[in-house]
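Thanks for coming. I have one structure to take you through today, and here it is on the screen.

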Amino acid sequence: MEPGPAAVADWVEREFELLSPPVDVADVIVNFGGTQGWFSSSQEAVERAATWKPGLLKRLRRVLTSAREQGRFVRFDFNASDETQIQGHCYPDARDSSDFALEKEGRIEVDDYRDAIVRGTSSEFESICRGVLALVGCRAPVLTPHSNDQGFDLFGEYSMEGRLDRRYHLGGPDRAMTVWIAGQAKKYADEVGVDHVREFIGARELMKLGIFTDGGKALERFTPKAYQPVYLFFMTTGRLTRGAVDLITQTGVVLFDLESIAVLLADHNVATGPSGFEQSLFDTWVKENQSA
């Protein structure tokens, strides 16, 4: 990527330190640009930072607004006292409520989860995604066979019983309400483009029409009724292109990218011991989710 605000914003999105104290975005430009060899002198660095600062602020505000609208995780936030400064997502603020501070603290190890996910195999990533379905509330989520999976790597049934505003102990409408989730798990190191998302959506459309290869054996236990909602989860370690994100947003597909999965695991304290995240416990958790 060419030197400029877009490249700096891209780095902030992907690598900004979660516990970084507030820092002026001009200093972010100087420091990051310096590591990339963009500037021939400190004077040039300061001049470029002053020129690029408004564009970088605009991009970061757009990223943060979009993420909040979609419920996505971002590694930074704007400082409440100075809108030209950014800080790490987990940086403690004296004005945080106790619940907010506790949630921030729980996310400090997000990068440990992210690294563990990346180190795993494609098969292990599918198992991790099965664990994600269980964490969001699916009952006994299923991994499909690797052959003739009809474009779906996993699915699960989500009962609304006890999840409405009121729990009906003697029976109520929640017992008649069920949601299904069908997911695709793609462990990619490269970019994920529009075609990947279109293929996933196309698989769902073929499913609606009852068109399968091999008789659809892989989805025998996927039995949503005609008017039961089906959510599509697109789960990947790859970095999505802007077009892929736009398509996901417009279609209502639920995106679980690498950061989102890592955050969910951190929020649920998966594989944590007395000292925090433990790789051995994580490996055990992944194995537990290998069974269909």
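I will start with the whole chain, then take the cores, the sheets and a few single residues.

This is a predicted model, in which local features need pLDDT of at least 70, side-chain atom pairs count only at pLDDT 80 or more, and totals for chains, interfaces and linings use all residues. Residues are numbered from 1 along each chain as its sequence is written, and side-chain values use heavy atoms, with hydrogens and water left out.

First, the overall picture. The protein chain has ten helices and twelve strands; these are DSSP runs, H or I of at least four residues for helices and E of at least two for strands, numbered from the N terminus. The C-alpha trace spans about 65 × 40 × 35 Å along its principal axes. Of the 292 residues, 45% are buried. Buried here means under 20% relative accessible area, exposed means over 50%, and partly exposed is in between, with a 1.4 Å probe and protein chains only.

Contacts are heavy atoms within 4.5 Å. Among contacts with a separation of 6 or more, 65% are between residues 24 or more positions apart. The chain exposes about 15700 Å², and carbon and sulfur atoms supply 49% of that; the areas come from the Shrake-Rupley method with a 1.4 Å probe, and for residues only the protein chains shown count as cover.

On charge, there are 32 positive and 44 negative side chains, and the centres of the two sets lie 5 Å apart. Lys and Arg count as positive and Asp and Glu as negative, without His or the chain ends. Each charge is placed at NZ of Lys, CZ of Arg, CG of Asp or CD of Glu.

Now the cores. By nonpolar core I mean a set of buried Ala, Val, Leu, Ile, Met, Phe, Trp, Tyr and Cys residues joined through side-chain atoms within 4.5 Å. The largest one holds 36 residues, and those touching the most other members are Tyr113, Ile117, Ile128, Met235, Ile261, Leu265 and Phe282. Two or more residues each come from helices H5 (110–119), H6 (122–135), H9 (258–267) and H10 (279–288), and from strands E5 (154–159), E6 (178–186) and E8 (230–236). H9 gives the largest share, seven residues.

Take Ile128 as an example. Leaving aside residues up to four places away in sequence, Ile128 touches Ile117, Ile261, Leu265, Phe282, Trp285 and Val286. There is also a second, separate core of 26 residues, including Ala7, Phe32, Leu56 and Phe78.

How many residues of H9 are buried? Nine of its ten, so the helix is mostly covered.

Next, the strands. Pairing requires that DSSP finds at least two bridges between two strands. Six of the seven residues of E8 are buried, so E8 is largely enclosed by the rest of the structure. E8 runs parallel to E6, joined by seven bridges, with Trp180 opposite Val230 in E8. E8 also pairs in the parallel sense with strand E10 (residues 254–256), over three bridges. There, Phe233 has Val254 in E10 as its bridge partner.

A further sheet is open, with three strands in the order E1-E3-E2 and antiparallel pairing. Strands E1 (23–24) and E2 (76–78) stand at the edges with a single partner strand each, so one side of each has no neighbour in the sheet. E2 and strand E3 (residues 85–88) run antiparallel and are joined by three bridges. Phe78 stands opposite Ile86 in E3.

Two residues have backbone angles to check. Most residues other than glycine have a negative phi. Ala140, in strand E4 (residues 139–143), has a positive phi near 50°. Ala140 is exposed, with a relative accessible area of 60%. The other is Asn269, with a positive phi of about 55°, in the loop between H9 and strand E11 (272–273). Asn269 is partly exposed, at 48% relative accessibility.

Last, Ala6, in helix H1 (residues 5–15). Ala6 is partly exposed at 29% relative accessible area. Not counting residues up to four places away in sequence, Ala6 touches Met1 and Arg59.
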